Amino acid sequence: MTASQTLPNSLRTGPDDRGHFGQFGGRYVAETLMPLILDLEREYRRAQADPAFKAEFDDLLKNYVGRPSPLWLARRLTDHLGGGKIYLKREDLNHTGAHKINNCIGQILLAKRMGKQKIIAETGAGQHGVATATVAALFGLPCTIFMGAVDVARQQPNVFRMKLLGAEVVAVESGAKTLKDAMNEALRHWVANVHDTFYIIGTVAGPHPYPELVRDFQSVIGDEAKAQILEAEGRLPDMLIAPVGGGSNAIGLFHPFLDDAGVEIVGVEAAGEGLDGKHAASLAGGRPGILHGNKTYLLQDEDGQITEAHSISAGLDYPGIGPEHSWLHDIGRVRYEPVTDAEALASFQKLTQLEGIIPALESAHAIAAAERIAPTLGKDKIIIVNCSGRGDKDIFTVAEALGVEL
Amino acid sequence: MTRFAATFAKPRTALIAFITAGDGDTAANLDALVAGGADVIELGMPFTDPMADGPAIQAANLRSLAKGTTTADIFAMAAAFRARHAEVPLVLMGYANPMTVRGADWFAAECAKAGVDGIICVDIPSEEDAELGPSLRTAGVDLIRLATPTTDPARLPAALEGAGGFLYYVSVAGITGLQQAAQASIEEAVARLKAATDLPVAVGFGVRTPKQAAQIARVADGVVVGSAFIDIIAEHGDAAAPHVEAFTRSLADAIHGAKEIAA
Ligand SMILES: Cc1ncc(COP(=O)(O)O)c(C=O)c1O
């Protein structure tokens with residue numbers, strides 16, 4: 001089996017030319033942004049057809065980001081759970097500590113092609129903000145990061161990192177002051193500055209073509225994982241597991257495997273305090289609706305007002321999900337499972353102790369799902385878990401949750 | 001003749017006034033707008049995530065939602081307005097999710113039942129018309145489209161496809177309530193738009209004073225004022241109506257006479 005084959009009835013051909021994955025996706029933006037989004041799509045198509053674009057992207061991923069990221073056989077975790085064999089895709093080892101940088105490299109190259117002089121981004125955990133500030137520094141472009149005031153408070157190390165990198169960090173005071181509100185504010189800023197500003201969206205959400213291009217830039221995760229597992233095991237894995245906030249690390253791992261029917265795919269949503277309490281599981285607890293430029297599953301009330309999400313992990317604390325995930329959920333190709341704050345906290349510690357790897361709280365959600373599932377699988381089964389980021393940024397949150405004073 | 005057609009057939013520029021439903025005493029404020037001389041009413045449907053709005057209207061949305069305003073309440077306000085004011089066109093303005101959450105057919109039917117003449121949906125461009133447009137047109141409710149400084153001539157025909165009521169020219173690339181556009185750029189844009197459509201062209205975003213409104217009224221068929229009303233309601237709360245009426249009158253006087261002065 002080759003690394004990326006596309007079958008006639010492939011699940012990998014979306015979106016359609018209007019940006020829809022089934023009923024999801026699309027371009028639900030103010031008229032002011034529409035011409036810009038059409039421009040972006042035209043430029044992305046040209047970039048896709050330009051070997052020089054891919055060559056520059058690949059070179060930066062290799063020599064700046066440090067790719068390929070390793071596929072690590074987590075022996076002690078596997079033995080401890082006594083079931084399927086667990087491999088970790090080590091996105092935590094990328095420059096800046098998460099998968100977010102893959103996408104930022106791709107988008108800043110697009111910004112450069114389009115002649116944009118300023119960069120903006122939204123951020124939740126601060127990982128995407130740090131990755132954006134990093135590429136902006138690398139390319140010498142001024143950068144403004146919008147971050148909910150609550151997240152600014154709980155992710156101080158990343159705020160300081162962004163500032164060191166030369167970015168301006170705007171603490172957003174509207175709404176619940178988390179990721180959703182940061183995205184609103186970034187969109188407001190963008191609408192007023194479309195002529196010279198490129199918006200680097202941090203996940204597979206937003207108006208078309210963002211969900212598509214972010215997915216394409218992140219698919220390096222799955223392409224590498226496929227080659228690596230074939231090399232290590234001589235066959236494809238039985239299961240993939242990844243955490244889903246907006247869904248960029250997950251779709252990056254999943255997409256190259258969507259047509260491999262034998263590979264079971266599991267996305268992990270943040271169940272916060274539990275599905276009957278405050279949570280961020282838009283598929284388990286939401287309904288289709290329109291927000292931030294696309295149609296997708298959203299946490300909302302009967303009048304279509306968006307309800308606040310909650311997760312201990314700032315990067316998962318979003319009331320929506322990328323539209324391609326909504327589609328994969330509806331057609332049943334990917335199964336989405338909830339993991340609570342408490343389960344994620346336990347897995348954060350377990351992985352740290354068993355493997356010497358401190359995962360991001362986001363990634364710890366996927367580890368928790370693996371802990372639940374692996375014991376039910378035979379020892380001959382192979383699971384790849386996306387370790388989407390490292391947990392250094394989370395030590396304050398974890399300390400507080402554990403009642404430890406630093 | 002539709003209420004829009006009757007309004008724009010008058011030989012004067014229309015004052016189009018925006019307030020947020022459920023922010024302050026909406027019924028009293030609506031009556032004050034009509035008494036002060038507003039020709040068209042835009043009633044904002046509050047949304048948790050008003051991405052295209054500046055601080056003033058964002059705050060109005062949140063005040064309204066904090067008071068528990070529901071979609072049912074908004075249709076009740078609209079129907080009651082229609083019972084009191086048979087002639088004044090009423091537009092609901094807002095975001096896609098509250099409009100489509102129960103299905104576009106449901107929303108369009110409720111609009112028709114409440115006597116709503118038109119809809120402005122900020123985040124459904126013509127590319128996504130299928131989401132709401134067909135249901136509104138079937139129900140006889142006009143879908144009012146937006147054109148902006150970034151709407152290039154090539155896109156304009158697409159943006160106008162299926163449009164009704166009037167064309168709303170958003171005169172600044174930005175959010176509500178902040179900047180104001182240069183008069184020359186407005187004049188150029190209105191001339192360009194009027195060459196492309198038979199619909200009346202209204203201009204809004206950033207219009208705050210009678211003087212500004214009068215200038216725009218010389219060239220446009222309608223002038224939209226929003227954040228300035230919201231500021232008055234924010235300041236005076238449930239007792240805003242007399243202030244709303246007085247400000248409306250100052251705008252109406254400036255706008256309604258503008259074309260004769262220019263001529
Ligand atoms: C390490 C890490 N994993 C996962 C996520 C969630 O985002 P996504 O679902 O787009 O991968 C984040 C977001 O900040 C993150 O920092």
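Modeller: The answer begins with one residue and the interface around it, and then turns to other parts of both chains.

The model is predicted, so local features need pLDDT of at least 70 and side-chain atom pairs count only at pLDDT 80 or more, while totals for chains, interfaces and linings use all residues. Residues are numbered from 1 along each chain as its sequence is written, chains are lettered from A and ligands numbered from 1 in the order written, and side-chain values use heavy atoms, without hydrogens and water.

B:Thr151 counts as buried because its relative accessibility is 3% (buried is under 20% relative accessible area, exposed over 50%, partly exposed in between, with a 1.4 Å probe and protein chains only). Leaving aside residues up to four places away in sequence, B:Thr151 touches A:Glu31 and A:Pro35 of chain A, as well as B:Leu156, B:Ala159 and B:Arg192 (contact means heavy atoms within 4.5 Å). With A:Glu31, B:Thr151 forms a side-chain polar contact of 3.0 Å (a pair of N or O atoms within 3.5 Å; within protein, one must be able to donate a hydrogen and the other to accept it, and residues adjacent in sequence count only if both atoms are side-chain atoms). The side chain of B:Thr151 also reaches the backbone nitrogen of B:Thr148, at 2.9 Å.

As for the interface as a whole, 37 residues of chain B are in contact with 37 residues of chain A. The two chains bury about 2900 Å² between them, 49% of it on carbon and sulfur atoms (buried area is the accessible area, with a 1.4 Å probe, that two parts lose on being put together, summed over both). B:Met51, B:Asn97 and B:Glu128 supply 21% of the area that chain B buries against chain A, more than any other three residues.

Elsewhere in chain B, seven of the seven residues of strand E1 (residues 14-20) are buried. Both faces of E1(B) are covered, by B:Ala14, B:Ile16, B:Phe18 and B:Thr20 on one side and B:Leu15, B:Ala17 and B:Ile19 on the other. E1(B) pairs in the parallel sense with strand E9 (residues 222-225) of chain B over four bridges (strands pair if DSSP finds at least two bridges between them), and in E9(B) the bridge partner of B:Leu15 is B:Val223. Five bridges join E1(B) to strand E2 (residues 40-44), also in parallel, and there B:Ala17 has B:Ile41 as its partner.

Chain A has an open, mixed sheet of six strands in the order E3-E4-E14-E9-E10-E13. Strands E3 (71-73) and E13 (335-340) stand at its edges with a single partner each, so one side of each lacks a neighbour in the sheet. E13(A) pairs in parallel with strand E10 (residues 264-272) over six bridges, and A:Gly267 stands opposite A:Tyr336. In the loop between strand E4 (85-90) and helix H4 (100-113) lies A:Glu91, which is buried, with a relative accessible area of 0%. Its side chain makes a polar contact of 2.8 Å with that of A:Ser69, and A:Glu91 also touches A:Arg67, A:His99 and A:Asn386, among others.

Definitions and conventions: Helices (H or I, at least four residues) and strands (E, at least two) are DSSP runs, numbered from the N terminus.
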